[in-house]
Structures are given as C-alpha cells and as structure tokens.
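Open the structure in your viewer and keep the selection tool ready. Each stop below says what to select and what to look for there.

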Amino acid sequence: MTTENTEIDQKIEDVTLDNNATEEQVLAEELTVEEQLTRDLANEKDKFLRLFAEFENYKRRTTKERIELFKTANADVVGALLPVLDDFDRAIIEIAKAENEAVSKGVELIHEKLKNTLNSKGLEVVDVKAGDEFNADFAEAITQIPAPSDDLKGKIVDVLEKGYKLGDRIIRFPKVVIGQ
C-alpha cells in the first residue's frame, strides 16, 4: 500500500504541478495580452498624434497657399499690361519731342491713371539704376560692355527695361547692361 500511496501521491503532485504551470501560463498569457493591448494603445495614440500633426500642417500650408494665391491672382493680367506701360513710357518721350502740349498732357494723364491703377493692385517698380552694383537676384543682364570707367566694372551701366514686382514676387526682372 505504501507503494501505491506513493504512486498516487506522485500522480497527484504531478497533476498539481501541471495545474500550477497551466495557471501560471494563463497568467503570463493574460499579462502578455495586457501588455500587447497597452502597446497597441500606445501605437494607436502615436498614429493619431502623427495624423493630427500632419492634418494641422496641411491646414496651415493650404491657408498660406490660398493667401498667396489671392495676393498674386492678378499677376498674369498685370504681367500682360506691362508692355502697354512700357509703350506709354516710350510714347511720352516721343510726344514730348513733338512739343504738342495738349496731346502730351492727355497721354501723361492716361499713363498716370494706368500706373496708379496697377500700383493699387500691388505693382511696384524694381528700383535699379545705372551705377548700382549688379545683383542677379534682382536684375537680368542682357549684355556686358567694356566699362566706361573703372568704377563701373561689375556695376550696371544702363537699364534697358524696367522691372516690376507684385507684392514680394518679381514678375519681370529689369533688363540691364553691365560693365566689364
């Protein structure tokens, strides 16, 4: 009987150990499930924050683009009128030579009205004149000629065509001749 009891005790002990191991495994799996859920929650929070930040950046960028579009929406129209403004400048010079006071005065009035209208829409002349240092960011060099004097080397010798900007953006660069 002792042997039988020992065997039965051994079997009971083995079953108890198996049950304890199974319970520990279930607890470990539950902790793992909790840890997994915690990790998943952290990942989803991170995704949400990134998506939210991306959406905020998108809103900011589109708002900025919309404002920029409103500022420069008329750039094409104003750009198309620049040759007309140049023709007016040339016409005023030629009419002044003809010494016809009434025609000269009329053309100057129309010219001023056109200039004022374009200025009210944000058009500004890029201020470049002979003797200024040449800067490729604000002027377009058409040609180089030998400098008439040493102080004009690398500087603007003549302005062939005025440049204009609309707001902060240059819509036509001034065309200049620089000294070499």
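**Stop 1: a pair of strands**

Select residues 163-166. This is strand β4, and four bridges join β4 to β1, with the two running antiparallel. Strands here are DSSP runs of E with at least two residues, helices are runs of H or I with at least four, and both are numbered from the N terminus. Two strands count as paired if DSSP finds at least two bridges between them. Strands of a sheet pair through backbone hydrogen bonds, either parallel or antiparallel. Now pick L123: L166 in β4 stands opposite L123.

Before moving on, note what you are looking at. This is a predicted model, in which local features need pLDDT of at least 70 and side-chain atom pairs count only at pLDDT 80 or more, while totals for chains, interfaces and linings use all residues. Residues are numbered from 1 along each chain as its sequence is written, and side-chain values use heavy atoms, with hydrogens and water left out.

**Stop 2: the rest of that sheet**

Stay on L166. Which residue is the bridge partner of L166 in β5? Select R169 to see the partner. Three bridges join β4 to β5, and this pair runs antiparallel. The two strands form a hairpin with two residues between them. Click G167 in the turn: G167 has a positive phi of about 70°.

Zoom out to the sheet. Its three strands take the order β1-β4-β5, the sheet is open, and the pairing is antiparallel. The edge strands are β1 (123-126) and β5 (169-172), each pairing on one side only. From one strand to the next, the twist averages 40°. Angles like this run from 0 to 180 degrees between N-to-C directions, with axes as lines fitted to C-alpha atoms, for helices over the stretch in contact.

**Stop 3: helix α2**

Select residues 75-98. This is helix α2, which lies across β1, β4 and β5 and runs at about 55° to β5. Contact means heavy atoms within 4.5 Å. The helix has 24 residues and reaches 35 Å from its first C-alpha to its last, close to the 34 Å expected at 1.5 Å a residue. That expected span is 1.5 Å times one less than the number of residues.

Where does α2 bend? Go to L82, where the bend is about 30°, and find the proline P83, which follows within four residues. The bend is the angle between axes fitted to the seven residues ending at a residue and the seven starting there. Next, select the buried residues of α2: A75, V78, L82, L85, D86, F88, D89, I92 and I95. Buried means under 20% relative accessible area, exposed over 50%, and partly exposed in between (1.4 Å probe, protein chains only). Then step past the end of the helix to E99, whose phi is positive, near 60°.

**Stop 4**

Draw a distance from A91 to E108: the two are 17 residues apart in sequence and 9.2 Å apart in space, C-alpha to C-alpha.

Now select residues 101-120, helix α3, and find H111 there. H111 counts as buried because its relative accessibility is 5%. Leaving aside neighbours within four places in sequence, H111 is in contact with L85, F88, D89 and I92.

V107 is also in α3. With a relative accessible area of 15%, V107 is buried. V107 and D89 are 18 residues apart in sequence, with 9.7 Å between their C-alpha atoms.

**Stop 5: the other three-strand sheet**

Select residues 175-179, strand β6. This strand pairs with β3 in the antiparallel sense over four bridges. I178 in β6 is the bridge partner of I156. The open sheet has the order β2-β6-β3 and mixed pairing. Its edge strands, β2 (140-145) and β3 (156-161), each pair on one side only. Neighbouring strands are turned by 25° against each other on average, direction ignored.

**Last stop: the whole chain**

Show everything. The chain has three helices and six strands, running α-α-α-β-β-β-β-β-β from the N terminus on. Of its 180 residues, 18% count as buried.
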